[in-house]
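Trainee: Please take a close look at the aromatic side chains of this model. I would like one connected account of how they are arranged.

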Amino acid sequence: MDSLPDTQTQQTIKELTEKFIAATKVTASSFKDGELFTIAEPEAFKKINSGFLAETLKVMTYNAANFQDHPRWDERCKAIAAEIDKHSPDLIGIQELRYTTSLILRVNMINNLLSKLRTPYYVLFKSAMNHGNFFTASLEGLTILSKHPIVWHTWQDLPDAKKDLNKRIKLTARILPKNAKGEEIPIDFTVTHFTYDLTSQERQAEKMRELLDSEPTKNQIIVGDFNTETQSPMWHLTKKQGSRPDFTDCHLKPTWPAWNPEYNLDKIFYRGDLKHIEDKMIIQSKCESKETMDSDHLYVIAEFCFDG
């Protein structure tokens, strides 16, 4: 599914998206911190997405830069949607999408992005923290976009950091793409956003490994903003831990800041019967300046085939 859907399918997608947006006029009282929700009418989307064979699996990670700390969201949102449509990833892990309910500043970054996409996706969101107050919510969390139906999902807290008041979590979605033989291949796709507190990153990586080792699926992919350019916290993922195979890191190229990339903060790890197609690795080109960025991070795209 690297090409865009036909006109009739796109119209169906547009109608579904509009229905969802109209039905989710969320207020502070109806949307509580920590609520998990799926969107885009899965039963209807199954008619669009189910049943296709997946020769490869293309995944993307992107820190979209929340609108309250980074200006020009309307402009940036259009550009981000255009990049997603251009590459048409099967799975996307997005960090820093926010959902505010203020009467003065009501912004839903998730719906904004959905309304501009031409590619159909199932969507899973989990808020990790509330930057609002008693009267209004400003929820930020993790988002997964998937072309494949999400058959199971879970989330867990990661250890808190002493110097970082932001809550950190992991969000996992399971999909069942079919290989060339028509066999379903269970894959767990996890997105996360680690603390910037270096002393706590190792505890979060250790907890992440423990949680993923406890989940039975053989094929696992982790994406996210790990907020570290050093490899030491990632040893918990890439070095031998217990009886499960280790994770492999896809790349070591810088992704932050977008206008002058120096640090490799955004990463993709994998294990199981997945083979990384190295010559199809994509890292977004750096932007001209801070004033013209889509985000302060560059997106990363990796493509896998099924090796087994």
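Mentor: Both Phe194 and Phe226 are buried, where buried means under 20% relative accessible area, exposed over 50% and partly exposed in between, with a 1.4 Å probe and protein chains only. This is a predicted model, in which local features need pLDDT of at least 70, side-chain atom pairs count only at pLDDT 80 or more, and totals for chains, interfaces and linings use all residues. Residues are numbered from 1 along each chain as its sequence is written, and side-chain values use heavy atoms, with hydrogens and water left out.

Rings of Phe, Tyr and Trp (its six-membered ring) pair if their centres lie within 6.5 Å; planes under 30 degrees apart count as stacked, over 60 as edge-to-face and the rest as tilted. Five aromatic pairs turn up in a search of the whole structure. One of them joins Phe194 and Phe226, edge-to-face, at 4.9 Å centre to centre and 70° between the planes. Phe194 lies in the loop between strand 8 (187–193) and helix 5 (198–213), and Phe226 in the loop between strand 9 (219–225) and helix 6 (235–238), so the pair ties together parts that are 32 residues apart in sequence. Helices (H or I, at least four residues) and strands (E, at least two) are DSSP runs, numbered from the N terminus. With Phe269, Phe194 and Phe226 form one aromatic cluster.
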